[in-house]
There are 2 protein chains.
Amino acid sequence: MPYTRDTLVEMLRSHGINPTHQRIEIAYALFARGEHLSADQILAIVNSRHSETSKATVYNTLNLFLEKKLVREVIVDPHKVFYDPNTDAHHHIYNVDTGELTDIDASRIEISGLPPLPENMVADGVDIIVRVRARAS
Amino acid sequence: MPYTRDTLVEMLRSHGINPTHQRIEIAYALFARGEHLSADQILAIVNSRHSETSKATVYNTLNLFLEKKLVREVIVDPHKVFYDPNTDAHHHIYNVDTGELTDIDASRIEISGLPPLPENMVADGVDIIVRVRARAS
DNA sequence: GGCCAAAATTAGACTTAGTCCAATATTACG
DNA sequence: CGTAATATTGGACTAAGTCTAATTTTGGCC
């Protein structure tokens, strides 16, 4: 699936997001790479040719994307949030040495034995994080 | 199990931690309450009577406790780390509205279908986080 | 107890991720 | 094309956490 400007514009529109220049650039950075990126990485990528987008806009836009469910946030590192262009159900392997994040498709995974949720609470998502490190420390 | 000064000293010693006044206070704050607390909450608790412990010491101590596996860290909120005095295998329910964290005993839970880990990697822990919110938004 | 080296604590400067704000620029649309 | 609504901006600000060099406390030893 090639992410052309037009497919990105369509993607933004279909999520109720006004496709401005900066938003398209940020979406491109995330979707074309398909990687988990932090806000500062995205800021650097988007401005790598010529400076075009401010820090404030990157944060505004990522929060907008989150709200509109175009991306997910992955909270595994106490220092920064990662933004994940994959919104299919999936979990993560986190390499605590390198910071590398890898997806685990959720369709093969079953969790049994979870307790019922408290009355009047709804699940907003179930995340599994497998923290790994290089063998032999 | 009452957490007297002596049991705390013993607990620290058995984890290879020199039991200083501040470390005992911090351990007491965590273990007597048995709650998930952030560093700034612990700082406030420890200094609530008379100011006795600096911010640097709270952070130093919590990192030491982590390293010696006396506590665990829980990374669910992008803004702060929670420290968890329960080191038994367990998972968490996180109320995204209130920030409240609740334990789920891991002994009843089974996860099936996890992929094999990459060669020469070892699992360092598997965390399940069930994010919940109040029904009817 | 008293002495000293090693370990712990400290205040406060610093770093970094992220937010806020009021001014400016862009866009959508009649 | 004009204008109101929306988006972007630089830069000041906040909050969590780290660092540092100086001071204090501790533990071991006589």
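Two residues are taken to be in contact if their C-beta atoms, placed from the backbone, lie within 7 Å. Leaving aside neighbours within four places in sequence, A:Ile104 is in contact with A:His90, A:His91, A:His92, A:Ile93, A:Ile109 and B:Pro115. The model is a predicted one, in which local features need pLDDT of at least 70, side-chain atom pairs count only at pLDDT 80 or more, and totals for chains, interfaces and linings use all residues. Residues are numbered from 1 along each chain as its sequence is written, while chains are lettered from A and ligands numbered from 1 in the order in which they are written.

A:Ile104 lies in strand 5 (residues 101-105) of chain A; helices (H or I, at least four residues) and strands (E, at least two) are DSSP runs, numbered from the N terminus. A residue is called buried if 20 or more other C-beta atoms lie within 10 Å of its own, exposed if 12 or fewer, and partly exposed in between, with C-beta atoms placed from the backbone. A:Ile104 counts as partly exposed because it has 17 C-beta neighbours inside 10 Å. Its C-alpha atom is separated by 9.0 Å from that of A:Ala89, 15 residues apart along the chain.

Turning to the chain as a whole, chain A comes to four helices and seven strands, and its elements run α-α-β-α-α-β-β-β-β-β-β from the N terminus on. The C-alpha atoms of chain A fill a box of roughly 50 × 45 × 30 Å, taken along the principal axes. Of the 137 residues in chain A, 21% are buried. Among contacts in chain A with a separation of 6 or more, 41% are between residues 24 or more positions apart.

Three strands of chain A form an open sheet in the order 1-3-2, with antiparallel pairing; two strands pair if DSSP finds at least two bridges between them. Strand 1 (37-38) and strand 2 of chain A stand at the edges with a single partner strand each, so one side of each is left without a neighbour in the sheet. Strand 1 of chain A is joined to strand 3 of chain A by two bridges, running antiparallel, and A:Ser38 stands opposite A:Phe82 in strand 3. In chain B, strand 1 (residues 37-38) and strand 3 likewise pair in the antiparallel sense over two bridges, with B:Phe82 as the bridge partner of B:Ser38. B:Phe82 is also the bridge partner of B:Val74, and four bridges join strand 2 (residues 72-77) of chain B to strand 3 of chain B, which run antiparallel. A hairpin of two residues joins these strands 2 and 3 of chain B.

How are the two copies related? A rotation of 180 degrees with 0.0 Å of shift along its axis superposes chain A on chain B, with an RMSD of 0.0 Å; the superposition is by least squares on the C-alpha atoms of residues with pLDDT of at least 70 in both. The two copies are thus related as by a two-fold rotation axis. The same surface serves both copies, as 100% of the contact residues of chain A recur in chain B.

Where the chains meet, 31 residues of chain A are in contact with 31 residues of chain B. On the side of chain A that touches chain B, strand 2 (72-77), strand 6 (110-112) and strand 7 (121-134) of chain A each give two or more residues. Strand 7 of chain A supplies the largest share, 14 residues. By class, this side has 20 nonpolar, four polar and seven charged residues; Ala, Val, Leu, Ile, Met, Phe, Trp, Tyr, Cys and Pro count as nonpolar, Asp, Glu, Lys and Arg as charged, and the others, Gly among them, as polar. Strand 6 of chain A is joined by three bridges to strand 6 (residues 110-112) of chain B, and the two run antiparallel. Here A:Ile111 has B:Ile111 as its bridge partner.

Of the 26 residues around DNA strand C, B:Thr20, B:Gln22, B:Ser54, B:Ala56 and B:Thr57 come nearest. Helix 4 of chain B gives the most to this surface, with five residues. Around DNA strand D there are 26 residues, of which A:Thr20, A:Gln22, A:Ser54, A:Ala56 and A:Thr57 come nearest, and helix 4 of chain A gives the most, with five residues.

How values were computed. A residue is near a molecule or strand if its C-beta atom, placed from the backbone, lies within 6 Å of it.
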